[in-house]
Amino acid sequence: MDSEGPCALSDLCLAQVCHSLDALCCLRVDGSMSLIHSPILPQEMADQLLHRMASQGIINDRSVGIFRSSKELRLRRASIRRCSVSDQAFQLAICPHQLMELDASWVSGGLTGADVISGLASNPACRSSLQRLSLNGLRLGWESLEKVGVVHFSSLQGLRMLNLANTDLSDAVLEDICTLPHLESLDISCSAVSNVNALLECKNTLKSLTAHRLGQLDMSPARLLFVFNQLHALRHLDFSEDHFSVDDSDGKDADETVRQLLEGSPQMLPSLVSLDISGRKKISEASIRAFLKSRSDHLTFLGLLATGLSSCDVLSSLNNLKVTGEADENQVCEALKRYRDRECFIREALVHLYNLTTDTDKPKPDMLKLVVQSMQSHPASLHVHLVATACVFNLTNQDVSQALPVSLLTSTIMQLLDAMIAFPHHQQVQKNCLLTLCSDYILQDVPFDKYLATVLVINWLSRHEDPTLQRMAVAIISILVAKLSREETTQLSKDINIMKQLLAIVQQRAMIGVADSTLKFALSALWNLTDEVPAAARNFIQCRGLELYEEVLESYYTEPSIQQKVLGLLNNIAEEEEFQADLMEEDLLEHVLHLLQDSHLDVGVRYFAGGILAHIASRSEAWTLDQELLRTIEKQLHDSIGTWTQPEGEMVSYRSFRPFSILLQTGQPSGVQLWAVWAIHLVCSQNVSHYSSMLEHEGQIELLKALAAHPDTHSDVRRLSHSVLLLIGQHQSRSGASENQKKRENS
């Protein structure tokens with residue numbers, strides 16, 4: 001079980017609703033969605049549904065329409081963060097609700113801050129109920145409101161928290177905001193504000209001011225300190241700077257302001273418990289010491305990332321003080337938590353995290369979750385993904401991944417796939433993702449979109465020829481293809497270039513005569529790709545795969561693992577009636593017959609050689625070669641199979657036994673029948689619980705019974721058929737007894 005425990009029932013229900021949204025909805029005339037049956041959901045559930053849809057990226061003008069039913073789906077804490085929503089859709093679906101909170105950060109689709117304020121203010125209930133509003137990353141577009149004289153921020157009299165970071169906020173609009181009677185928290189980071197005198201209007205209510213990277217601020221240190229000194233209620237001040245964008249000549253006034261604040265009297269900002277000056281590279285250790293000496297009793301947080309001061313020895317004695325910095329894992333993780341929306345600090349923190357986790361051998365799920373969240377917060381940042389994908393590899397390497405929650409690994413791998421899509425031509429990002437994916441545990445046991453992963457890795461492979469990375473990519477593909485459904489494999493096979501790419505690798509390795517892992521993985525991938533997928537088999541033949549495989553069979557006669565993979569694919573070809581004529585080559589069949597007869601070869605090689613011959617011989621009416629060869633094949637199949645010893649480990653697995661049905665007909669030669677029954681007996685003796693239901697569902701049990709009862713059936717075939725039926729019958733008896741026991745216990 002996942003160490004995080006099972007998912008809550010409500011989460012499972014919400015996930016199902018999101019997955020089935022099209023089936024649950026009808027369309028209005030304008031194309032928006034409306035729930036066909038819309039029960040009155042618990043209010044919190046409506047918030048959770050919107051949040052989940054937003055986080056999955058499925059909120060848009062069409063889907064957000066379900067929230068027009070404001071009586072059934074009552075929103076209070078709404079998030080459309082990073083969604084594509086137009087002004088009209090927002091007005092119709094979000095504004096009618098009596099909201100307490102709204103996060104419309106980084107919304108695309110043309111929605112502006114002015115649209116948001118106008119829409120919310122049009123609902124009288126929202127004017128007083130809305131307490132928290134985040135418009136981070138939106139263009140305010142205030143000029144549109146000025147023209148029509150519509151109300152401003154000050155119309156939302158209930159606002160307590162306002163986030164306008166990364167907007168075109170102006171001094172005039174700031175003046176309007178500061179008249180809000182209950183304003184407690186304000187974020188004006190990365191805005192166009194040049195003067196903060198307006199803050200004096202809310203000096204008695206403002207408890208938190210975030211003013212990161214105010215590049216256009218034009219105030220003297222004395223005037224800034226005067227304003228700060230009047231903010232008597234202020235508990236948190238963030239006056240940090242982007243250390244990547246500031247050169248040595250910039251920010252002198254701001255740095256001087258910070259220095260005087262650090263070294264000044266504790267009577268300035270007397271309520272302050274949290275100060276962030278990350279990125280201020282000019283601050284001295286002496287200033288930090290002076291500040292801590294006068295404020296350490298009340299201080300709970302100090303931001304020192306990218307200042308060079310986070311290793312200051314005085315910090316180690318303050319156990320209750322949280323610090324962002326680079327001195328240790330705690331400081332770095334604190335930075336990743338607090339600076340999720342700040343690319344400059346996320347980049348800095350991730351670099352230090354990578355160095356701290358290079359040799360990690362313990363699972364750190366909380367740390368991995370922070371890295372994934374960093375990637376989600378900056379989907380288009382190459383700098384973030386370059387380091388974050390390297391950190392993911394460190395945190396999931398070797399045996400560590402098996403101790404991590406499966407759900408966390410799923411979200412991590414899906415985020416890596418997003419990174420591969422976002423940066424298809426950046427080799428190091430792609431390499432980092434492949435390194436993490438190249439794990440048996442992750443590929444075999446962790447659920448994620450394996451079809452998407454297969455496509456991405458194959459696309460990458462087509463553009464690169466580095467031997468080490470090629471081996472890794474082919475290894476990943478060989479495992480992933482085996483995990484795909486028949487429908488997904490068929491879809492994959494529509495691109496003949498995939499077949500060409502894998503065959504080119506086989507040819508390349510075969511030409512230099514190596515029997516390395518790259519060759520083996522490529523052969524495995526091709527084997528799995530053609531398993532009951534006619535389109536893939538057709539591509540293989542069209543790309544002259546048969547000729548290449550004949551050469552490989554002859555060249556690698558002493559390599560049973562390679563021969564087995566080659567013969568396994570030829571089995572797949574032989575199973576398809578429409579391609580059996582392509583195998584009607586005397587030299588090829590005589591070579592396969594020789595492999596069947598060679599008692600010195602592994603039983604695996606002889607088994608797959610027998611499979612090819614059994615399928616070809618099962619349709620004697622289509623035989624076009626010498627009849628004597630056909631009679632030899634039929635006889636040698638029976639004689640050779642009688643000498644086989646069943647291997648201890650798993651030699652083969654089957655998705656279906658449908659191709660066996662023709663081999664089990666009572667009119668078939670005994671050698672053909674014996675190969676099919678021996679194969680079924682092999683897999684059933686190793687995993688009868690898996691295969692018994694498959695045999696029953698597909699009808700092979702009835703065919704085995706018919707074989708066992710037919711008077712002309714060879715005794716070897718009859719005996720082995722009875723053995724298979726006995727295995728299945730014993731399993732069914734055990735399963736029935738177990739079910740009856742459970743019923744008695746529950747009654």
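This is a predicted model: local features need pLDDT of at least 70, side-chain atom pairs count only at pLDDT 80 or more; totals for chains, interfaces and linings use all residues.
Let me begin with the pocket. The second largest pocket in this model has a volume of about 820 Å³. Its lining consists of 28 residues, and those lying nearest the centre are Ala-482, Trp-527, Asn-528, Val-652 and Ser-653. Which helices each supply at least two residues of this lining? They are helix 20 (467–483), helix 23 (517–529), helix 26 (560–575) and helix 30 (670–698). Sorted by class, the lining of the second largest pocket holds 10 nonpolar, 10 polar and 8 charged residues.

I turn now to charged pairs. As a general point, side chains of opposite charge can pair when their charged atoms come close. In this model the count is 27 salt bridges, and I shall present three of them.

The pair I take up here joins the side chains of Arg-81 and Asp-103, with an N to O distance of 3.3 Å.

Next, Glu-256 and Arg-259 form a salt bridge through their side chains, at 2.6 Å from N to O. Because these two residues are 3 apart in helix 10 (residues 252–263), about one helical turn separates them. Glu-256 is partly exposed, with a relative accessible area of 26%, and Arg-259 is also partly exposed, at 32%.

A further pair lies in helix 11 (residues 285–295). Here the side chains of Glu-285 and Arg-289 meet at 2.9 Å, N to O. Glu-285 and Arg-289 are 4 residues apart, so they too are separated by about one helical turn. Both are partly exposed: Glu-285 has a relative accessible area of 36%, and Arg-289 has one of 34%.

Finally, I come to Asn-123. Where does Asn-123 lie? Its place is the loop between helix 5 (113–121) and helix 6 (124–129). With a relative accessible area of 12%, Asn-123 is buried. Setting aside neighbours within four places in sequence, Asn-123 makes contact with Cys-95, Pro-96, His-97 and Gln-98.

Definitions and conventions: Residues are numbered from 1 along each chain as its sequence is written. Side-chain values use heavy atoms; hydrogens and water are left out. Buried means under 20% relative accessible area, exposed over 50%, partly exposed in between (1.4 Å probe, protein chains only). Contact means heavy atoms within 4.5 Å. On a 1 Å grid over the protein atoms alone, a cavity is a set of points where a 1.4 Å probe fits but cannot get out, and a pocket is an open set with protein on both sides within 12 Å along at least five of seven lines; lining residues have an atom within 4 Å of a point. Grid points are joined across faces, edges and corners, and a volume is the space filled by probe spheres set on the points. Ala, Val, Leu, Ile, Met, Phe, Trp, Tyr, Cys and Pro count as nonpolar, Asp, Glu, Lys and Arg as charged, and the others, Gly among them, as polar. A salt bridge is a side-chain nitrogen of Lys or Arg within 4 Å of a carboxyl oxygen of Asp or Glu.
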